[in-house]
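Here is a short report on selected residues, cores and open spaces. Please keep the sequence and the 3D view at hand.

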Amino acid sequence: VVVRGEGVWLHDAEGRAYLDAYNNVPLVGHCHPRVVEALARQAALLNTHTRYLHEGVLEYAERLLSLLPAELDRVMFTCTGSEANELALRVARARTGHEGVIVTRHAYHGNTSALALLSPSYPNPEPRAGWVEAIPAPDSYRVAGERSGEEACASCLREVDEAIERLARRGIHVAALLLDTGLTSDGMVRAPPGFVAGAVERVRRAGGVFIADEVQVGLGRVGTHWWAFEAQGVVPDIVTMGKPLGNGHPLGAVVTTPEIAARFANGMEYFNTFGGNPVSCAIGREVLAVMEREGLRERARETGAYLTDRLRDLGGRHPAVGDVRGTGLFLGVELVEDRDTRAPAGRVAAYVANRMRDAGVLVSTDGPHHNVLKIKPPLCFDRRDADQLAATMDRVLGETAAQ
């Protein structure tokens with residue numbers, strides 16, 4: 001029972017501290033004092049719905065857009081990533097006049113009725129709609145196997161071609177490729193070089209657009225760039241963002257081009273009572289200020305590289321470590337029963353995650369087989385924290401070998 005948070009730490013009702021290496025939502029740290037101050041200051045002055053003009057929303061919009069490619073200069077605010085992806089779907093369909101959407105086979109994009117159908121990882125008893133096609137995750141470790149990078153990319157791109165063809169056989173044209181740019185729920189996998197650009201080119205040629213879901217991985221988490229799509233060499237047509245924008249306060253956004261925004265503003269109304277309200281925008285501005293003041297994107301890059309090395313060292317001592325991947329403070333450790341067959345070790349991963357919690361370090365599991373240890377802490381995570389995480393994982397992996 002968690003009762004208090006501070007920086008990278010959570011504290012339970014019994015006073016025990018846990019190193020939080022799992023919580024990507026409080027991007028700049030739990031209860032950052034500058035963010036809390038901005039919230040309180042604006043809440044004491046004004047908060048209202050978004051029917052009224054307010055300079056704060058314009059200031060925040062301009063600051064956020066300054067972090068994106070110049071082509072992407074229109075923004076609409078929401079409260080959640082689910083709302084952002086739902087709105088992006090409406091915008092894509094208004095732009096293309098098409099209905100079909102391509103997602104990856106274990107994706108998660110939100111909890112609305114439409115997004116549940118676009119989230120194969122989401123427990124959902126409804127049959128998948130005919131306008132949805134799910135492709136295997138472009139996994140350099142597992143799907144690509146021993147093939148060369150070019151062969152692996154070509155194989156994964158054939159899946160995109162076939163998804164487009166399957167939709168066409170049902171009389172449905174592609175509206176969008178909706179891709180979590182970190183492939184998070186698919187196991188934080190590495191796509192073969194060239195896959196994302198190739199998939200986007202195919203979807204655009206078929207009349208669709210590319211929606212980059214940056215809810216979990218955006219805003220500096222990858223360290224090398226502000227957005228994961230930048231590292232993949234593409235500029236999306238639409239970008240969606242979620243609660244890390246507000247450090248856990250309900251804040252999301254949809255960013256797109258002037259041309260696409262104009263096609264949506266054709267009599268279709270979008271209104272969100274709280275999306276972009278004065279308090280949310282004050283918080284969003286302060287999150288960006290803290291990111292800059294404390295150099296958190298650079299810290300994500302440097303600490304992430306250090307932690308990656310520490311985790312890869314574990315592979316030399318523990319055969320269960322099949323792969324360590326990711327960028328910045330967005331890392332996955334895939335556990336396997338056998339390195340040759342790469343059989344997923346979901347039972348071992350569950351044991352490791354739970355025993356690390358017992359030892360005071362929080363990680364989680366993800367992927368179709370729940371065998372990937374998911375590491376995405378607040379960006380104030382430092383080398384001492386990385387050492388504690390790696391040492392704890394080392395000890396727990398040793399326990400699994402002894403069983």
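## Basis

Helices (H or I, at least four residues) and strands (E, at least two) are DSSP runs, numbered from the N terminus. This is a predicted model, in which local features need pLDDT of at least 70 and side-chain atom pairs count only at pLDDT 80 or more, while totals for chains, interfaces and linings use all residues. Residues are numbered from 1 along each chain as its sequence is written, and side-chain values use heavy atoms, with hydrogens and water left out.

## Asn247

Asn247 sits in the loop between strand E9 (238-241) and strand E10 (252-256). Asn247 counts as buried because its relative accessibility is 12%; buried means under 20% relative accessible area (1.4 Å probe, protein chains only).

A polar atom of the Asn247 side chain lies 2.9 Å from the backbone oxygen of Gly29. Contact means heavy atoms within 4.5 Å. Beyond its neighbours within four places in sequence, Asn247 is in contact with Val25, Pro26, Leu27, Val28, Gly29, His32, Val35 and Val287.

## Ile238

Strand E9 holds Ile238. Ile238 counts as buried because its relative accessibility is 0%. Leaving aside neighbours within four places in sequence, its contacts include Ala88, Val91, Phe210, Ile211 and Val254. Ile238 and Ala261 are 23 residues apart along the chain, and their C-alpha atoms are separated by 9.7 Å.

## Nonpolar cores

A nonpolar core is a set of buried Ala, Val, Leu, Ile, Met, Phe, Trp, Tyr and Cys residues joined through side-chain atoms within 4.5 Å. The largest has 109 residues. Leu311, Leu335, Ile375 and Leu389 have the most contacts inside it. Apart from that core lies another, of five residues, among them Met188, Val217, Val222 and Ala228.

Not counting residues up to four places away in sequence, Leu389 touches Leu19, Ala21, Leu307, Leu311, Met356, Val361, Val363, Ile375 and Phe381.

## Largest pocket

On a 1 Å grid over the protein atoms alone, a pocket is an open set of points with protein on both sides within 12 Å along at least five of seven lines; lining residues have an atom within 4 Å of a point. The largest pocket is lined by 30 residues. Thr50, Val57, Val75, Phe77 and Gly275 lie nearest its centre.

Helix H2 (55-65), strand E4 (74-78), helix H8 (258-264) and helix H9 (278-293) each give two or more residues to the lining of the largest pocket. H2 gives the most, with six residues.

Methods: Buried means under 20% relative accessible area, exposed over 50%, partly exposed in between (1.4 Å probe, protein chains only). A polar contact is a pair of N or O atoms within 3.5 Å; within protein, one must be able to donate a hydrogen and the other to accept it, and residues adjacent in sequence count only if both atoms are side-chain atoms. On a 1 Å grid over the protein atoms alone, a cavity is a set of points where a 1.4 Å probe fits but cannot get out, and a pocket is an open set with protein on both sides within 12 Å along at least five of seven lines; lining residues have an atom within 4 Å of a point.
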